[in-house]
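Subject: Structure handover

Hello,

Here is the structure for you to open. Please keep it on screen while you read the notes below.

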Amino acid sequence: MASAKSTRSRAAHAGASAKGNAKDGGVKFEENLKVFKSDNFDADGFVQSKCHSLSEKEIRQLCSYLVDLKRASAEEMRRSVYANYTAFIRTSKEISDLEGELSSMRNLLSTQATLIHNLAEGVHIDSSSDSVPDGSVTTGNDGVGEPSELEKWSTEFPDFLDVLLAERRIDEALANLDEGERIVAEAKEKKTLSPVMLQSLQTSITERRQRLADQLAEAACQPSTRGSELRASISALKKLGDGPRAHSLLLNAHYQRYQYNMQSLRPSSTSYGGAYTAALSQLVFSAIAQAASDSEAIFGKEKAYTSELVMWATKQTEAYALLVKRHALASSAAAGGLRSAAECVQIALGHCSLLEARGLALCPVLIKLFRPSVEQALDANLKRIEESTAALAAADDWELTYPPSSVRLSGRTNAAVSGSASAHQHKLSSSAHRFNTMVQDFFEDVGPLLSMQLGSRTLDGLFQVFNSYVSMLIKALPASMDEEADFEGSGNKIVRMAETEAQQIALLANASLLAEELLPRAAMKLAPLTQANDARRRPMDRQNRNPEQREWRRRLVACVDRLKDSFCRQHALELIFTEEGDSYLTAGTYINMNGNPDEIEWIPTPLFQDLYAKLNRMASIAADMFVGRERFATLLLMRLTETVILWLSEDQTFWEDIEEGPRPLGDLGLQQFYLDMKFVMCFASQGRYLSRNLHRVVNDIINKAITAFSSTGMDPYSVLPEDEWFNEVCQDAIEKLSGQPKNSNRERDLNSPTASVSAQSISSMRSHGSS
């Protein structure tokens, strides 16, 4: 406690003595400062000697007291400066004037000293002129004459140059330096000056030339130097013979100037990337353009200077690109902001392309540096499209509807579209609508990036996204193969099943419309029209002229074919096999037929009746879903029919039983088999999905059955009725299955196929079977 009191008393005493010293301000204060003025002053030792007995609390109090003194001192100084500000300015001005006068006096003294030195050298030369060898320059006939005019000029010339340099009369200094060089050359040739004076004159000119060069370089390095002054300084420096240094100083001056201007450009995390990019582009590329203009005006098209300019401009462009990536592009790319990234790139390339008129093609430099960031944004957008579509596919009811009123289509407002009788609207399910909308927006964002040659990467990325969506559609089929869906990229994503035939056909409607119309139309934004004639072409015609997009569209259609194959395979398996895996159609269906032909009710086998019924239902559903795209529906039904018939053609067990079974194919079995094939041909022909391939496969199957029957030693054409009878039986079956009214004009007995057999019909059947 006593120690604390003594410490506080010492602190108080120190404060009181400090105030007393401030009032006294005399000898005592000076004596107290002597300890600090010593060269051997030890600050740490001084502090330890004063504070070794203080506690932590007392030290804190002392520090607080010193801080208060410092604050009070600063405030006192501020008041003193403000109180004497006018006097301070006036004194500063007077000091500046004095410095100028001292400089002038120093120049005059230097001139006088030079004159005295030259005079002393002249006297020395005159005194030794008698010993000059024959043929050397003399100053007079008797050796002690007056100096010549050239000698006077050479003596006064350095002083005259000093005046020009001091007054910064650059052009006159350059002209006089050139004149001095010319006179020195003449003096060397004509020997009108003594070697000593000639050497002195050369040295003086060289020194003044170097001083002028340094003066010009210093002026060029000042940020405050105006453009005209800069060009004049650089041009003068070039005339002095130091072109490389002058060109480097010119480029550095422009660099320093735009770096100084960039100090006012302060990007922040909340600033708009496009605005920052535009402001920075204006500064950088304006500086490069001005540097290129000044370089060409002063140095012309010399390769050395042009190469240095290109290297310098490339370096500045790379530095600019790094700033744009750091403060604008990187954040947009990381967040998947393709539109913001594209805008930044477009602004940069737009400013940079203006330099091409000056011979500086720097856009490839920017493209190379910006490309990774843009590709990152591109991939992020494609990933977002895929994930968003997959999320909707998990809850999609696979019902086709027109797009919601809030969805923008092809850049047009809904008001405009609704007035065109839904000409540009298509029915899709909810996930397909979302996919289409995001793709349209995606192509609007990526369109400006054509200059970066990202078209191929964009198309390939979108194909992968579409392929993933088609894989999810395949997975939505109830009997789809999970292994195939997983292999194609859908992974373990959950997809809502399409239970009904209408829902399953809706899957095909989604994929086909996207692949054949919507996606190719959106991709046209990646192929801008370059000819006026293209503007009058239809969008699909223009798209077909681009080989890359034509190949891309072919790949999209191949994805749809994969879905179509899965669809047809599923429905073919449903027709052919039972839930237990047994086949509805075996060789026994035909081999085991027996009885009286006249008592049999001839009708196609149930499998082919079911096939016709399924195709009939699907045709009715497809008519509503594929309005304007009837060809796709026809091709779908054609492929489904071919799938079933191809299975029959390639079923080895079926044909082994027919050809090598324990029982041969009989008359009734051959007639029933022929009727089934003719039934397929009949309804496929009426439905307009009888393809050449289907026609060929059916004929091959009929010929195989006829060949199997002929191997028993019997004539197949003796038991087969004429084609007219088969056609009537098939037409009657079609009318019964479709619910159409029966045609009353037919009077033939359909239960008596043998009654129609004749030599003529046998001949026609023989010719038919051999076809």
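Ser710 counts as partly exposed, because its relative accessible area is 33%. The cut-offs are these: buried means under 20% relative accessible area, exposed means over 50%, and partly exposed lies in between, with a 1.4 Å probe and protein chains only. Ser710 belongs to helix H27. Helices here are DSSP runs of H or I with at least four residues, strands are runs of E with at least two, and both are numbered from the N terminus. Ser710 sits 45 residues from Leu665 along the chain, and their C-alpha atoms are 9.4 Å apart.

A word on the source before you go on. This is a predicted model, where local features need pLDDT of at least 70 and side-chain atom pairs count only at pLDDT 80 or more, while totals for chains, interfaces and linings use all residues. Residues are numbered from 1 along each chain as its sequence is written, and side-chain values use heavy atoms, with hydrogens and water left out.

The whole chain

The chain has 29 helices and 0 strands. Of its 771 residues, 40% are buried. The chain exposes about 42,000 Å², and carbon and sulfur atoms supply 53% of that area. Accessible areas come from the Shrake-Rupley method with a 1.4 Å probe; for residues, only the protein chains shown count as cover. Now take contacts between residues at least 6 apart in sequence: 75% of them join residues at least 24 apart. Contact means heavy atoms within 4.5 Å.

Helix H7

Helix H7 covers residues 170-190, and Val184 is in it. Is Val184 buried or exposed? Val184 is buried, at 4% relative accessible area. Ala173 is buried as well, at 1%.

Look at what surrounds them, leaving out residues up to four places away in sequence. Val184 touches Leu198, Leu201, Gln202 and Ile205. Ile205 is 21 residues from Val184 in sequence, and the C-alpha atoms of the two are 9.6 Å apart. Ala173 touches Leu161, Leu164, Leu165 and Leu212. Arg209 is 36 residues from Ala173 along the chain, with 8.8 Å between their C-alpha atoms.

Glu375 lies in helix H14, residues 363-393. Glu375 has 17% relative accessibility, so it counts as buried. Beyond its neighbours within four places in sequence, Glu375 contacts Leu454 and Arg457.

Next, find Trp398 in the loop between H14 and helix H15 (414-418). Trp398 is not a glycine, yet its phi is positive, at about 55°. Its relative accessibility is 2%, so Trp398 counts as buried.

Helix H21

Ser566 is in helix H21, residues 547-576. At 6% relative accessibility, Ser566 is buried. Ser566 and Leu473 are 93 residues apart in sequence, with 10.0 Å from C-alpha to C-alpha.

H23 against H26

How do helix H23 (residues 606-625) and helix H26 (residues 667-686) pack? Their angle is about 10°, and their axes are 10 Å apart. That makes H23 roughly parallel to H26. Axes are lines fitted to C-alpha atoms, for helices over the stretch in contact, and angles run from 0 to 180 degrees between N-to-C directions. Under 35 degrees counts as roughly parallel, over 145 as roughly antiparallel, 65 to 115 as roughly perpendicular, and the rest as oblique.

On the H23 side, the contact uses Phe608, Gln609, Leu611, Tyr612 and Leu615; on the H26 side, Asp676, Met677, Phe679, Val680 and Phe683. By class, that is 8 nonpolar, 1 polar and 1 charged residues. Ala, Val, Leu, Ile, Met, Phe, Trp, Tyr, Cys and Pro count as nonpolar; Asp, Glu, Lys and Arg as charged; the others, Gly among them, as polar.

Arg688 is in the loop between H26 and helix H27 (692-710). Arg688 also has a positive phi, about 65°, although it is not a glycine. Arg688 is exposed, because its relative accessible area is 71%.

Cysteines

How many disulfides does the structure hold? It holds 0. The cut-off is a pair of cysteine sulfur atoms within 2.5 Å. Cys682 is in no disulfide, and the nearest cysteine sulfur, that of Cys730, is 5.2 Å away. Cys682 counts as buried, at 15% relative accessibility. Cys559 is buried too, at 4%.

Best wishes
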